[in-house]
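Visitor: I have a model open and want to learn to read it. Where do we begin?

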Amino acid sequence: MTMRLGGWWVVLWDGLPKDCGMKGGHGKAWPTALPKHLIHYLQVLQASATAEKLRKKQRKKQTTDYDEEKTHFPDGKQSLKANRNGDDDDDVDNFMAPSVLKACGQVSWTQLGKEIHGFVLKKGLDRDVFVGNALMLMYGECACVEYARLVFDKMMERDVVSWSTMIRSLSRNKEFDMALELIREMNFMQVRPSEVAMVSMVNLFADTANMRMGKAMHAYVIRNSNNEHMGVPTTTALLDMYAKCGHLGLARQLFNGLTQKTVVSWTAMIAGCIRSNRLEEGTKLFIRMQEENIFPNEITMLSLIVECGFTGALQLGKQLHAYILRNGFSVSLALATALVDMYGKCSDIRNARALFDSTQNRDVMIWTAMLSAYAQANCIDQAFNLFDQMRTSGVRPTKVTIVSLLSLCAVAGALDLGKWVHSYIDKERVEVDCILNTALVDMYAKCGDINAAGRLFIEAISRDICMWNAIITGFAMHGYGEEALDIFAEMERQGVKPNDITFIGLLHACSHAGLVTEGKKLFEKMVHTFGLVPQIEHYGCMVDLLGRAGLLDEAHEMIKSMPIKPNTIVWGALVAACRLHKNPQLGELAATQLLEIEPENCGYNVLMSNIYAAANRWSDAAGVRKTMKTVGMKKEPGHSVIEVNGTVHEFLMGDQSHPQIRRINEMLAEMRRKLNEAGYVPDTSTVLLNIDEEEKETALTYHSEKLAMAFGLISTAPSTPIRIVKNLRVCNDCHAATKLLSKIYGRVIIVRDRNRFHHFREGYCSCGDYW
């Protein structure tokens with residue numbers, strides 16, 4: 001009997017890691033329940049002796065047992081081939097294959113799942129709906145949703161489980177548009193959904209936060225429920241959907257209407273409160289749940305911690321962590337990962353790292369969570385050090401890990417490190433899917449190499465809406481408005497439907513390129529051609545477009561005619577335009593509106609002060625600054641970063657802390673002398689302080705981007721491009737000086753400020769002095 005098992009059991013066993021309860025061959029966590037499934041398969045085939053040895057292995061979890069089991073199957077590596085050529089295939093039927101496929105899905109063994117799929121096709125088992133559903137489920141769990149869809153499309157017979165499995169797979173893999181289309185098709189085919197199918201549909205609308213479709217789904221669920229009475233799982237899914245859509249009142253109504261509240265219902269309601277930032281209400285519900293003798297389980301704690309990370313509720317997250325420790329919860333790897341992720345999202349790097357270091361048998365997920373925490377805090381050196389430790393530990397990074405690193409490089413503008421990550425992808429032959437390709441396009445665009453971003457986009461085999469948006473936004477940041485519009489035209493020709501983010505990128509592109517007419521046409525097209533409702537961000541873009549072009553009155557009229565209440569984005573765009581075009585009256589009006597919305601926002605107070613200073617109203621400016629000082633508000637300091645030889649260096653205005661500050665100051669003096677020889681006159685109007693002209697000129701010399709530029713000039717070879725990232729808008733003086741310095745030193749100087757890229761070359765800037 002043992003030898004008759006050879007074909008299927010050895011295939012599974014050969015792939016098992018030596019400690020299948022802890023970690024896989026590439027650092028992947030394997031569920032400790034997996035041997036139980038395999039024991040069941042063996043028992044079905046009456047291989048009791050082998051099953052008993054597996055039980056022994058599960059209890060001891062010792063590596064030595066691996067070799068003991070292997071002795072039963074000395075030719076394991078060739079077993080699949082032997083199985084296909086022999087008679088052992090007869091033991092595998094439409095019951096056994098789905099069981100094995102389920103196990104493959106649980107541990108994400110894609111390649112083995114494909115092998116079994118081939119066997120299923122050979123034996124003709126694919127005609128069985130049960131086997132087809134198992135194949136879809138396996139591919140969905142392995143994140144191969146395209147294969148799952150192919151199986152679904154080719155199925156000769158489908159039941160309601162087929163539809164719900166496919167919808168769930170699409171939803172889990174964020175293919176929301178395809179999932180919605182499948183729901184419409186299911187309705188058209190008059191397939192009556194099961195409760196499981198309806199829960200999958202409701203979860204889809206929860207994930208997309210689509211309230212309009214969610215309400216329609218609620219009515220659909222009521223119509224298709226037995227006796228129009230919804231079960232507890234469906235009601236719980238609905239209340240979770242309403243909570244995630246921000247309608248806590250409707251969620252509460254459903255919750256209060258439940259005659260039988262399960263721990264899942266309580267968890268969904270409490271998580272909804274946390275997500276909606278009703279922390280006190282969520283805490284009271286948590287206490288009330290226990291008073292009613294329903295106690296949280298690990299899934300409850302996991303869900304609540306995830307929501308704390310989502311909303312940045314650090315104190316509540318700490319309280320939940322303390323509750324876990326006090327109440328004897330075993331801190332599983334999943335729970336530890338969620339806690340590390342929560343602390344990272346709440347910018348508590350110290351606690352995140354302490355928990356990470358105390359966790360044993362770390363898998364790739366917790367490594368990725370810690371890397372993401374460093375990325376969130378822009379700790380680029382620590383992130384790459386951790387990545388090196390991860391590789392040394394033998395843990396193979398996932399695509400999610402690599403995307404986190406690329407995102408960090410994009411934020412920091414660290415092109416050299418980004419290129420290193422790209423080369424690692426090529427060297428390790430990491431499969432580049434649409435998400436990873438999009439991250440690469442985004443990284444190159446945000447690090448100043450828009451040509452590399454464009455090449456990757458053109459070479460991409462498949463492109464989703466996110467990739468189209470990434471390249472459009474990239475061109476917008478670099479001031480290439482015409483190119484962004486060309487990409488959009490190609491996107492339309494290929495039948496790709498744009499979304500809200502597409503038009504934000506396009507309107508930004510028009511704004512930075514001065515394409516006012518084109519921007520107005522796009523805004524109309526968004527509404528009338530594509531039926532998209534303009535959001536506050538789109539109005540902000542339009543006000544910015546009109547304001548930059550000097551059409552201040554038209555911009556103000558647009559704000560007054562908006563169907564939604566203008567927020568800080570909209571008023572902030574008008575204030576910036578008024579400052580640019582020196583209209584203190586309208587600027588003061590807009591700044592007053594800003595301060596009414598957020599009176600304690602330091603940035604808006606600084607804007608108001610700068611407007612007064614630009615109009616030489618020094619007493620008013622001093623009054624605003626005095627108020628800021630009284631309430632303890634501090635202006636965000638300007639800082640610039642430059643990457644040299646894979647190391648990121650940061651400079652603040654007037655910074656004298658750098659180890660090479662003596663050489664930097666010498667270079668600053670040389671730069672100032674050569675600028676004066678070239679006829680440069682400092683633009684002291686950008687120094688909004690009531691000091692004399694000489695002091696203003698000195699202050700301009702030590703702006704953070706000039707310090708970074710000086711360091712770049714002394715640290716890199718002649719003709720090497722210098723790339724700088726600044727957290728604030730480049731001032732007029734630095735912009736004029738950098739143009740001349742690019743010609744004087746024969747360098748390409750690329751500066752990314754808060755709004756866009758500036759490519760300085762031979763005395764000119766790519767923005768055409770329009771920024």
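Predicted model: local features only at pLDDT ≥ 70, side-chain atom pairs only at ≥ 80, totals over all residues.

Visitor: How many of the residues of helix 26 are buried?

Guide: 10 of 13, so the helix counts as mostly covered. As background, an α-helix has 3.6 residues a turn, so residues three or four places apart point the same way.

Visitor: What span should helix 26 have?

Guide: Residues 434-446 make 13 residues, and at 1.5 Å a residue they should span 18 Å. The end C-alpha atoms are 18 Å apart, which agrees.

Visitor: And the ends of the helix?

Guide: Asp-433 caps the N-terminal end, with a side-chain oxygen 3.3 Å from the backbone nitrogen of Ile-435. Just after helix 26, Gly-448 has a positive phi of about 95°.

Visitor: Now the sheet. How do strands pair in general?

Guide: Through backbone hydrogen bonds, either parallel or antiparallel. Here 6 strands form an open sheet, ordered 2-1-3-4-5-6, with mixed pairing. Strand 2 (647-652) and strand 6 (764-765) each have a single partner strand, so one side of each lacks a neighbour in the sheet.

Visitor: Which helix packs on the sheet?

Guide: Helix 41 (residues 732-744), which touches strands 4, 5 (757-761) and 6. Its direction makes about 40° with that of strand 5.

Visitor: Which strand is joined to strand 4 by 4 bridges?

Guide: Strand 3 (residues 722-726); it runs parallel to strand 4 (residues 749-752). Ile-722 has Ile-749 of strand 4 as its bridge partner.

Key
Residues numbered from 1 in each chain as written. Heavy atoms only, no water. Pairing = 2+ DSSP bridges. Helix = DSSP H or I, 4+ residues; strand = E, 2+ residues; numbered from the N terminus. Contact = heavy atoms within 4.5 Å. Axes fitted to C-alpha atoms, helices over the stretch in contact; angles between N-to-C directions. Expected span 1.5 Å × (residues − 1). Buried < 20%, exposed > 50% of the residue type's maximum accessible area, 1.4 Å probe, protein only. Polar contact = N/O pair within 3.5 Å; in protein donor to acceptor, adjacent residues only side chain to side chain.
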